[in-house]
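Morning, everyone. I'll take you through one model today, starting with how its chains meet.

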Amino acid sequence: MKRIFLLLYLGFFLVGAVSAFSGFDAVFDTEITEEDSKKTNITFSGSVDINLDYFFSGTLETSQELDLSLLVASDKVETEASLRFETQTLQVQVDNLSLTYFSSWGTLSLGLLKKEWGAGDGVHVVDVLNAFDYSKGFSEDLLAMKRPEPMALATFYGKTSTYELFIKPTYLPGTIPYEGKWSLLPASFAATDIQEPKTDSLSYVQFGGRAKTIRGNLDLGLIYMNGYLMQSGYGNFVFDYSDPSNPFVSSADIVYTKTQLLGAESTFVLGQWTFMGEGGYFFSEDASGTDPSLYNSKWVYLGGIGYLHPASQLYLSLTYHGHFTLHYDSVDPLKLDVDYLQAYDNKAYGNNITLACELPLLSERLTLHLGGTYQIETTGYVLLGSAKYAIRDALHFIVQGAVYGSIEDTSSIFKTWDVLDWVKIGVSHTF
Amino acid sequence: MKRLIAIAFCMLSLCFLAAETPESIMIKVMEVQSSKSSALDLLLTLKDAAGQTRERRIQTLSFSEKGETSTITIFLSPASVKNTRFLTLDDEQWIYLPALKRVKRISATEEGGSFMGSDFSYADMDSTTYDADQARHTLLSESEESYCIESVPFSSSVYGKTITWVDKTTFLPLLVEFYEKDRTTLIKKLTTEELDIIDNRWITKKLTMTTVSSGHSTSLEILQAKYDLDLDEGYFTTRFLETGRL
């Protein structure tokens, strides 16, 4: 499948464009913008990052990262390839490999794509098009955590409406680290041989769409998805009773839950205030909640409020988001039921508060970000902060950090990563 | 005698008709800068007190009809914001973030905030002078070349008052001083550095805004300008915002 995409991509790349979009070329005189057009016909850009990471557990690490992007654009076709190379893993990751065709009716994008759905600020409950990669913990950059997935995305535009339809021929699940410092594997599964099913076949096809419309101060969107939940389920457990007093799971299969999402998103702006809402119902193939390897149906919800201070351009947002799992048995849960394994403090519901703020200073030379999520049931939290100073437009000095933990001694992802508080200093050069 | 009186009366009337009031001057200032539609290619050069400079280039299309203005702006440089686009339809605003490939509705009330880190606020980018119905205008002085007019806005504004020196020939502002709400503390000065004639109209081709307290300044140069042109309505849609194409 990957080879087909690559061939398709290269094919379209070769037939790609002759002149590129550079601002409003059609409006301005060509003698001034023609040169710019030629330059942007093929745009090569990227960044080099050199970082020093310090984990408060006492580890010091250095990392270098090279991001390269190639964009070839014309009136009708745009092709883009973004690659990332990290010296730590010595691996090249494809961040985006796409081709977009522009027509009178809209656009058609093919390739390895990332797409964000939802109205919230950096946090969503109906953003289902890409799974997340948790192999490096949480990041401020939601898109950076997403895994690009093979898909075709058609977008149709009305005067005040947008309609998107997608089809994903295969399924790319989220990356849950099973080893290393970011491992999320429970201790009881430490010696478990986990079998992952192959999901790069057409039997995992997924599809759906979104319709968005503008009504005065309100943007409203409706979402439908027929596919799989991002989270992995587990089944077919085999226990090892060689030590009867201490049996353990010797092997397990990963199982993915087929689901349909009916969702909605909305943004309402009133002066400096922005109100955001998302909600949806995940209708699981295990709607009755009888199969412990599959997730039950659930409701998800999000309400947020953002405030922009006009003079300082300080932006603050506060978001409340969560889920409610149906048919959850909190009295006598099967200890290996995936809904129990993923539950917060053995509750059917989980609620979070996320706060984010951004403040540009010194004529936008310095930008401060601060974000944090508090998980109410487990009292777990993560705080993320960064300061980015532009030495020059293309050269930034960056200080970043994250603090994980929980107020009470309750199990959660934040508690698991409690010892992984880190701070990073680095420079980033864009070109 | 009656004829003499009649002639004198007519002369006097003509004098009154010809005399400019502060309001009529500021109306003309707004009129010479307004158009049904415009296309501007702008270069902003930010200069800090140490003399270090940074450049930002934007292109903007604007269209007014029935009292409502639609604007689409694209950032061309620096690389970190390249292809970021803003769509404003009257009081509503959306931003397209190319890194996220996402359109997001945003609050449009950031009048006093700095535009791209420059010394221009969003309100300044819209207009640096007030219309007759927006402020009380007083003629402070007059020379052979210019009028000096004080404008105190009626409603709450970013500034407490402005003082504008208006060129008598072109009715373009030559110098504008912006004051705090206390109306005595000078915040910023806008100096016209170059005028030009484009499409048979005078325009301010280059101007510099200086923040008095920091010494930071921003030069805004019009690289290209077109007025009263037929702009495709498709530019002012979320489709163009998202795709960059008509």
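This is a predicted model: local features need pLDDT of at least 70, side-chain atom pairs count only at pLDDT 80 or more; totals for chains, interfaces and linings use all residues.

Let's begin between chain A and chain B. There are 19 residue pairs in polar contact there, both residues at pLDDT 80 or more.

Which parts of chain A do the touching? Strands β3 (77-86), β4 (91-102) and β5 (106-113) are among the elements that each supply at least two residues. So do β9, β10 (218-240), β11 and β12 (273-284) of chain A. There is a helix too, α2 (30-41) of chain A. That helix, α2(A), gives the largest share of the side touching chain B: 4 residues.

What classes of residue make up that side? It has 22 nonpolar, 22 polar and 13 charged residues.

Now the extent of the contact. Chain A puts in 57 residues, and chain B puts in 51 residues. The area buried between the two chains is about 4400 Å². Carbon and sulfur atoms give 48% of that area. Which residues of chain A lose the most area to chain B? They are A:F24, A:F28 and A:D393. Together they make up 17% of what the chain A side buries.

Next, salt bridges. Between chain A and chain B we count 8 salt bridges. Here is a pair to click on: A:E116 and B:R102. Their side chains meet in a salt bridge, at 3.2 Å from N to O.

Over all chains, the count is 28 salt bridges. Look inside chain A for another one. A:R84 pairs with A:D67, and their closest N and O atoms are 2.9 Å apart. This pair links distant parts of the chain. A:R84 sits in strand β3 of chain A, while A:D67 sits in strand β2 (residues 59-73) of chain A. They are 17 residues apart.

On to the cavities. How many are there of 30 Å³ or more? The count is 3. The largest cavity has a volume of about 320 Å³. Its lining takes in 24 residues. Nearest the centre of that cavity lie A:R210, A:K212, A:D219, B:V103 and B:E242.

From chain A, β7 (161-168), β9 (206-215) and β11 (248-270) each supply at least two residues. Nonpolar or charged? The lining of the largest cavity has 4 nonpolar and 12 charged residues, plus 8 polar ones.

In chain B, the peptide bond from B:S77 to B:P78 is cis, with omega near 5 degrees. B:P78 is in the loop between β3 (68-77) and β4 (85-89) of chain B.

In chain A, go to A:N346. This residue is not a glycine, yet its phi is positive, about 55 degrees. Where is A:N346? In the loop between α4 (338-341) and β15 (349-361) of chain A.

That's my tour. Over to you.

Terms used. Residues are numbered from 1 along each chain as its sequence is written. Chains are lettered from A and ligands numbered from 1 in the order in which they are written. Side-chain values use heavy atoms; hydrogens and water are left out. On a 1 Å grid over the protein atoms alone, a cavity is a set of points where a 1.4 Å probe fits but cannot get out, and a pocket is an open set with protein on both sides within 12 Å along at least five of seven lines; lining residues have an atom within 4 Å of a point. Grid points are joined across faces, edges and corners, and a volume is the space filled by probe spheres set on the points. Ala, Val, Leu, Ile, Met, Phe, Trp, Tyr, Cys and Pro count as nonpolar, Asp, Glu, Lys and Arg as charged, and the others, Gly among them, as polar. Contact means heavy atoms within 4.5 Å. Buried area is the accessible area (1.4 Å probe) that two parts lose on being put together, summed over both. A salt bridge is a side-chain nitrogen of Lys or Arg within 4 Å of a carboxyl oxygen of Asp or Glu. A polar contact is a pair of N or O atoms within 3.5 Å; within protein, one must be able to donate a hydrogen and the other to accept it, and residues adjacent in sequence count only if both atoms are side-chain atoms.
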